[in-house]
Structures are given as C-alpha cells and as structure tokens.
Amino acid sequence: MTLSKLILAITTILFVGCTIHSIFYIGFKKRTILYWILLPLFFAAMCAACLIENLAGMWVAIEATTLLSAPLICYHYTAESLEAMWKYLIICSIGIGLALFGTLLFMNGWYIPGFVFVLAGYGTKMGLAPFHTWLPDAHSEAPGPVSAFLSGALLNCSFLAITRFRDLLPEEHIVFADNAILALGLFSLFIAAVFIVRQTDYKRLLAYSSIEHMGLIAIMYSLHADDFIFQSHIAAHSLTKMMLFLVAGNLLLAYGTRNIASVHGLGRTMKLHAALWMLGILFICGMPPSALFFTEIGLVCSAPIWVASVVMVLLFVVFAGMSKVAIGMIFGQGDKLHSAEAKPISWTLSIVPVLALVVHFLVFAILFLCCFYA
Amino acid sequence: MNIFADIILASLVIINLRLAGSSRLGTLIRAVALQGFFIGLLPLIFTGGEHWGITLINIAVKGVLMPIMLTYAMKKTNTKRELEPLVGCGKSVAIIFAITLMSFYFCEARHIEAEIATRLAVPLAFTTIATGLFLIISRRKAITQVIGFLVFENGVSIFGASIAMEYGLLIELGILLDVFVLVFILGIAIYDISRTFSSIDIDKLNHLGDRGHIHLRRH
C-alpha cells in the first residue's frame with residue numbers, strides 16, 4: 001500500500017471514530033453548529049492533502065487544514081484556548097509559508113535549499129522539534145475529539161508532504177535529506193522525553209507523546225525501515241493516540257481539571273476508564289501486547305547501533321515518565337489539597353475508545369501472525 | 001518590460017524600510033497595501049500582460065480587501081500605534097537595511113539569477129520575507145504580527161512571480177483564498193483577544209506552557 005492511501009485510510013477511520021464520539025461528547029446544540037460544519041471540512045481538507053498530486057495544490061490543502069481546525073481548537077472559547085489558537089495560526093502559517101517558499105525553490109531546481117525550507121515548514125505542522133511549540137498548547141486546549149483528530153490524522157498528513165518532496169529529490173541529495181530528517185526525529189524524541197518526565201498536565205503529556213512518535217516515524221523513514229513495519233507504526237500510533245485523547249477528554253469532563261496531581265484513584269471511581277487509560281498508556285509506550293512493540297523492535301534491530309541505543313534510552317525514559325503518571329492517576333492517593341471529585345459521565349463516551357482498543361489489538365494480532373509465519 | 005519591473009522592485013526596498021521604521025499602525029497598513037498592489041502587478045509585467053484576470057483579483061485582495069479588514073480590526077480594538085516595540089524603529093531600519101545589503105551580496109556572490117526574470121527579484125524576495133519575519137518577532141501588537149505575516153507572504157509571491165511559476169489558475173486562487181481566510185480569522189481572533197485580555201499585546205498571551213506547579217498555583 002502506498003503511504004498516501006494508508007494515511008487516507010487512517011484519516012477516514014479516525015474521522016468516523018471522532019464523529020461518533022463527538023455525537024456523545026459535543027452533542028447537537030445551537031452553539032455546536034460551527035463545530036459540526038468545520039469538522040467534516042477539516043476532514044475534507046486532509047483528504048485533499050492526501051490526494052492532490054500537484055505540490056502547490058497540496059500546499060493549499062494543508063494550509064486549509066490549519067484554517068479549518070483553528071476555530072475547533074478555540075471551541076471552549078476561554079482565554080487559554082484563544083491563546084492556543086493564536087499560537088497555532090501564527091506558528092503554523094509561517095511554517096507553511098516557508099514550505100510554499102521551499103516548494104517554489106524546489107520546482108525551480110534548487111533542491112537542497114528547497115528541501116530545507118519544506119522540511120522546516122511541514123515539520124512545523126508535523127510537530128517535529130524544534131518547531132513543535134504550538135503542538136502541546138493546541139492539543140491540550142482543544143476538545144477531546146479534536147485533539148484526537150489533530151494528533152492522529154493531521155500530523156500524518158504533514159509527514160506525507162515531507163515524504164513526497166524527499167521522493168522527488170535527485171539521487172545525490174537523498175543522503176542529505178535522510179540525515180536531516182533523522183536529526184529532527186532524534187531531537188523530537190529527546191525533547192519529548194525531557195518534557196514527558198516532568199509533566200503535570202495529562203493532555204500535554206499525550207501531546208508530547210505525539211511528538212515522540214512523530215520523531216520515531218521520522219527516524220524509521222530516514223533509515224529506510226521496512227515499509228510494513230513503518231506503516232504499521234503510523235497506523236497503530238494514530239489509533240492508540242485517538243483512543244487516549246478521547247479517554248483524556250472524558251477524564252477532563254469527569255474531573256474538570258487537566259492537572260495530573262488532582263486526578264487520582266481512577267481505579268475506584270471510574271473502573272472502565274482506568275482500564276482504558278492504563279492499557280492505552282502501555283500500548284503507546286510499546287508494551288508487548290501492542291503493535292508498536294513490534295515496530296519499535298523492528299526499528300531498533302535495523303538501525304545503526306548508535307541510533308538504536310539512543311532510541312532505546314529515550315524510549316525507556318518516556319516509558320518511565322508515562323507509566324508513573326498512569327499509575328499515580330489510577331492507584332494513587334493524590335495531593336489532598338488540589339484533588340478533584342469525579343462527576344459521573346455517560347457510558348456512551350467509552351464506546352469509541354473501547355472499539356479503538358479492539359482494532360488496535362486486531363492490528364497487533366495480524367502483525368504477530370505475519371511475523372510468526374514469515 | 002524589465003525596466004518597469006526594476007522600478008517596482010526598487011520601490012519595494014523603500015516600502016520594506018518604511019515598514020520597519022514606522023510605529024503607526026495606519027502607516028504600516030497603507031505600506032502593506034501598496035506593497036500588495038505592486039506585487040500584484042509583477043506577474044502582469046513578467047509575463048507580458050497574459051494573466052490580467054488573476055492580477056486584478058490579486059490586487060483587489062492584497063491591495064484593497066485585506067488592508068480594509070486590518071483597518072477595521074485596528075479601529076475596533078482602538079489601537080493606533082506600536083508602543084514600545086521590542087526593537088526600536090531606528091534599529092529596525094538599520095537591521096532591515098543590513099539584511100537588504102546582505103541578501104544582494106549573497107545573491108551576487110552565488111550567481112543564482114540564471115532563470116530569473118530580473119536580477120533584483122531574488123534578493124528582494126529574501127529581503128521581504130526577512131522583513132515580514134522580523135516584524136513578527138520584534139513587535140508586540142497582534143495586528144503588527146498579522147501585517148508581518150502579509151509582508152512575509154508578499155515576499156514569497158515576489159519569488160513566485162519572478163520565476164514565472166505556472167501553478168495554474170485554480171491553485172493560484174487557492175493560495176490567495178488561504179491567505180485571505182487566514183487574515184480574516186486572525187482579524188476575528190484579534191478582536192476576541194482584545195476583549196478577553198483587554199489589550200492586544202502578545203506578551204499577555206502567556207498562560208500556556210510547561211511550568212508545572214507555578215501554573216497550578218495561579219488558578
């Protein structure tokens with residue numbers, strides 16, 4: 001399967017999941033009309049970005065995704081979400097503007113400067129460090145389904161844009177391009193690990209985990225990992241991250257706070273969500289019943305030794321940081337001063353996360369069988 | 001034809017310096033409108049009058065519509081000038097002047113004008129892009145940041161026009177529409193920011209970040 005088709009398929013699956021979840025999470029009210037108009041348009045812009053063959057046309061589609069998702073990020077209309085939207089619009093538009101400049105340079109035959117601009121531009125939208133600064137703000141302020149959609153689908157689309165330019169490069173520049181992508185990938189992994197360990201906000205934690213996985217995808221791509229492994233990683237990450245963001249949205253609804261220290265004792269109050277949260281965190285960290293385990297093993301086995309060791313250490317740091325958070329939230333006694341009470345939430349809100357988990361497990365099973373018989 | 005193009009491009013140098021050196025938002029908006037008008041003319045001159053339709057739309061959007069929207073946002077939020085920019089106006093002019101000289105020097109040294117319509121185009125595209133980015137970095141008001149983005153986008157358009165890139169009409173319109181909608185949304189956001197934060201200083205937008213418990217105590 002080509003990468004565009006895969007990403008188109010993932011985007012579509014995520015759209016279905018997020019829409020079903022939004023029916024229960026957002027609901028149909030007068031003030032949600034804009035949400036229901038913009039969500040399908042946002043999806044349409046992403047499909048266009050996957051399907052348009054013209055490079056400048058793809059630019060138009062990707063810039064359109066920025067514009068259509070910005071009001072969705074500002075859904076709650078608080079001072080913080082306004083700030084997140086402003087940062088998202090300014091940083092991503094400048095990034096995408098640089099990508100347009102890069103596209104022009106590229107079409108004019110100046111491949112190296114063109115590719116550098118394109119990488120910086122679409123890298124901004126993809127959330128590669130050091131251009132990632134908009135991502136944690138936007139993902140933490142957006143409502144659950146929108147964060148899920150942004151993280152699972154939009155980042156992949158921008159990555160697709162980078163791969164298209166990389167494929168068009170003449171033979172002699174490919175090594176340079178791969179090294180640049182590898183460097184950004186490793187740096188993203190590093191930044192994510194550093195910020196995950198001391199994180200106090202569980203939605204920002206997931207946002208940094210997205211940066212980590214985008215870094216991993218970039219590393220896999222630059223090292224020419226096996227297509228099958230590479231594509232499974234993208235699919236498994238998108239599904240799990242969607243599920244985690246939806247669960248995080250539900251937790252926010254129940255507890256009214258994103259502060260990790262205030263949420264505790266999930267295992268007693270919200271049993272199903274506690275299980276989903278724990279499984280999701282373990283899956284995203286690549287614990288064995290996860291498809292990400294296979295893909296990460298594949299990466300570590302095929303990478304040069306220094307890349308493999310750096311990736312292993314950073315992945316371990318991420319795992320330590322995330323599991324500490326999950327254990328604290330599920331079993332912990334918490335900080336009595338800031339603790340919040342859980343409000344009951346509707347059971348319908350857990351339908352899509354459970355389904356996503358099941359699909360992820362199926363992906364894992366298929367991968368396992370393929371590896372077993374191959 | 002190239003003499004017209006050169007006159008327009010040379011006047012863009014002055015507009016860039018004007019943008020860097022003025023603290024009045026009205027002046028900035030007029031300067032960016034003039035810049036949009038000139039840049040709209042460029043494709044017409046470079047291609048010898050073929051694409052007059054797209055030229056008209058370009059000039060209408062960049063030279064008229066977007067400045068009107070910015071002026072409206074300026075009046076609504078009741079801001080007239082950029083008080084205390086992070087880099088003073090005199091210094092800004094000096095910096096932009098230095099960037100202009102450097103990009104001319106760089107482009108002459110690298111001989112990259114091979115397929116370009118005129119020698120001035122590439123260094124000017126770089127300078128204009130740099131001016132836009134500089135305005136975004138060095139100014140505090142949200143409106144100035146939007147103006148900076150427009151200048152940046154104009155710089156990219158100069159480059160696009162000068163290499164006579166044929167995207168096709170649809171994509172040209174798509175790019176224009178994207179920029180227009182962006183400025184529209186940013187304009188609405190500026191109004192909301194001025195209402196929520198009771199100022200449009202970007203420094204006030206500092207609630208989000210990874211600061212752990214400091215963030216917690218404030219609420």
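This is a predicted model: local features need pLDDT of at least 70, side-chain atom pairs count only at pLDDT 80 or more; totals for chains, interfaces and linings use all residues.
Good morning, colleagues. Let me begin with chain A. The secondary structure of this chain consists of 15 helices and 0 strands. Its C-alpha trace extends over about 60 × 50 × 35 Å along the principal axes.

How much of chain A is buried? Of its 374 residues, 65% are buried. The accessible surface of the chain amounts to about 13,200 Å², and carbon and sulfur atoms account for 74% of that area. As for contacts in chain A between residues with a separation of 6 or more, 80% involve residues 24 or more positions apart.

I turn now to chain B. Here we find 8 helices and 0 strands, so that, read from the N terminus, the order of elements is α-α-α-α-α-α-α-α. Chain B has 219 residues, and buried residues make up 53% of them. Its accessible surface comes to about 10,200 Å², with 67% belonging to carbon and sulfur atoms. When contacts in chain B between residues at least 6 apart in sequence are considered, 74% of them link residues at least 24 apart.

Let us next look at the interior. In soluble globular proteins, nonpolar side chains tend to be buried together. In the present model, the largest nonpolar core contains 210 residues. The residues with the most contacts inside this core are W86(A), Y122(A), F149(A), L266(A), W277(A) and V311(A). Helix α4 of chain A, residues 79-107, supplies the largest share of the core, namely 17 residues.

Which residues does L266(A) touch? Leaving aside residues up to four places away in sequence, L266(A) touches L251(A), Y255(A), K271(A), A274(A), W277(A), M329(A) and I330(A). Among these partners is W277(A), itself listed with L266(A) among the residues with the most contacts inside the core.

Finally, I come to the surface. A nonpolar patch there is formed by V16(A), I20(A), I23(A), F24(A) and F28(A), which together have about 450 Å² of accessible area. Where in chain A does F28(A) lie? F28(A) is located in the loop between α1 (3-25) and α2 (33-51). Is F28(A) buried or exposed? Its relative accessibility is 60%, and because exposed means over 50%, F28(A) counts as exposed.

Thank you for your attention.

Terms used. Residues are numbered from 1 along each chain as its sequence is written. Chains are lettered from A and ligands numbered from 1 in the order in which they are written. Side-chain values use heavy atoms; hydrogens and water are left out. Helices (H or I, at least four residues) and strands (E, at least two) are DSSP runs, numbered from the N terminus. Buried means under 20% relative accessible area, exposed over 50%, partly exposed in between (1.4 Å probe, protein chains only). Contact means heavy atoms within 4.5 Å. Accessible areas come from the Shrake-Rupley method with a 1.4 Å probe; for residues, only the protein chains shown count as cover. A nonpolar core is a set of buried Ala, Val, Leu, Ile, Met, Phe, Trp, Tyr and Cys residues joined through side-chain atoms within 4.5 Å. Patches are made of residues with over 30% relative accessible area and no salt bridge: like charges are joined within 9 Å, nonpolar side chains (Val, Leu, Ile, Met, Phe, Trp, Tyr) within 5 Å. A salt bridge is a side-chain nitrogen of Lys or Arg within 4 Å of a carboxyl oxygen of Asp or Glu.
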